[in-house]
Amino acid sequence: MGEAKVPSDAVQVVRMFVRNRWVILFISMVAQVASVSAIFGIPVVLPRLREDFGVSTAQAGVLAGLPAFGLLLTLLAWGVVIDRAGERATMALSLVLTAGALGLLWLAPGPWSVAGVLLLLGAVGGPVNAASGRLVLVWFAARERGLAMGIRQSALPLGVGLSALILPGAAEAWGFVGAMTLPALLSLVAVPLVLAMPTKPERSRRAPVGGDTTEIGEPSPPRSPYRDWTIWRVHVVSMFLGVPQVTLMTYAVLYLVQEQGWSPPAAGAVVAAAQVPGAAGRLVLGAVSDRSGERMRPVRLLAVVAASALVLLTFAPEPWPWSAVPLVLACLVLTMWHNGLTFTAVAEIAGTAWAGRALAVQNWLQAVSTTLTPVLMAGVITVAGLPWVFVVSAAFAASAVAVVPGRITSG
């Protein structure tokens, strides 16, 4: 009898462990880092992609934007799947398909076939972000949700940072295709962790923070949040601020290599260095928003500061070359910080009944800006040169200031 109790107790401990909301948040972050490194790892190896497949700088930028176009084709459908099938099944399926799509790169003989694979990669890799965001809404009460979403959103800079730190060196050694095998392996590693998560919290569990007795996972009224303009304004702000973010993610390494004479691994290390304060800022702003009850006021301030820094990055390095790297770092960090707040605002406006679809719409509209940004900036590079992509990005950040809605509370 005693011997039989040991494994039973061990199973209970494991079950309690994986039902802890912070463990679930960690697992969702691992899954998102895998997805991010697959989709957004491509820009940090643009120099090797350009070399391996004989394409121009502008063409390489367009290829880097194709996963985002793939997101456009499927994200809204994935949102319905999330709300109906649940986060766990959707995330596991997406990770398996992401690894499979990256594996197809080994069979791609030229730029056109690579383009097709990258399009497929975006189509299958999109729902992890929306699904993990819905997990935060389901498992965390309002008074800790901003921090939790900030932690969850830090997976983007962490994924980009790991990619920038590892993939350029891997590409130098193994080529573009060999380097992109690493995110495929990480995706497969994340699958069993995702499958170990419970599907939902117990309905009787109460929020443990600050006397808040809101029931976690309580269903929301089914009324569509899209009958009100507020959620649309948050979506538009995210689209506008996505332009400078994607521009920096796509062209920062190339800018340091082409304009400042850095080697690709060294430039990748600069981009990687920005991801730590980028991730930390999302956590800090999330915690601050939990205390203040404000989700969008900090976004307005961030947009103003980011626009100013981008203008400086365009013009200051020519007379003062030493300013290029600090300004690249500052712009990388500033353009990351808004995501956690805007995603939290969308999730809270939508409620649990609509969160999967609303976050999918958020991701879909951001994918519109992610897809169009490299195309737009390719034209800017052709007409005016690479540094001018930053001042064009500043115009979008300035436009976001006028669209930010008024007070959105955390409750």
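**Salt bridges and helix packing in the predicted model**

Asp-52 and Arg-48 both belong to helix α3 (residues 46-53), where they stand 4 residues apart, about one turn of the helix; helices here are DSSP runs of H or I with at least four residues, strands are runs of E with at least two, and both are numbered from the N terminus. The structure is a predicted model, in which local features need pLDDT of at least 70 and side-chain atom pairs count only at pLDDT 80 or more, while totals for chains, interfaces and linings use all residues. Residues are numbered from 1 along each chain as its sequence is written, and side-chain values use heavy atoms, with hydrogens and water left out.

Asp-52 and Arg-48 form a salt bridge in which the closest N and O atoms are 2.6 Å apart, a salt bridge being a side-chain nitrogen of Lys or Arg within 4 Å of a carboxyl oxygen of Asp or Glu. Asp-52 is partly exposed, with a relative accessible area of 34%, whereas Arg-48 is listed with Leu-46, Pro-47, Leu-49 and Phe-53 as the buried residues of α3; buried means under 20% relative accessible area, exposed over 50%, and partly exposed in between, with a 1.4 Å probe and protein chains only. These buried residues of α3 pack against α4 (57-85), α6 (111-125), α9 (155-179), α11 (229-258) and α12. After α3 comes Gly-54, with a positive phi near 60 degrees.

By the stated rule, the count of salt bridges comes to 4. One of them joins the side chains of Glu-144 and Arg-21, with an N to O distance of 3.0 Å. Because Glu-144 lies in helix α8 (residues 142-153) and Arg-21 in helix α2 (residues 21-40), the pair ties together parts that are 123 residues apart in sequence, and both residues are buried.

A further salt bridge is formed by Glu-348 and Arg-295, whose closest N and O atoms are 2.8 Å apart. Glu-348 is located in helix α15 (residues 339-350) and Arg-295 in the loop between α12 (264-292) and α13 (297-315), so this pair ties together parts 53 residues apart in sequence.

For the protein chain as a whole, the assignment gives 17 helices and 0 strands, and 59% of its 411 residues count as buried. Among contacts (heavy atoms within 4.5 Å) with a separation of 6 or more, 83% are between residues 24 or more positions apart.
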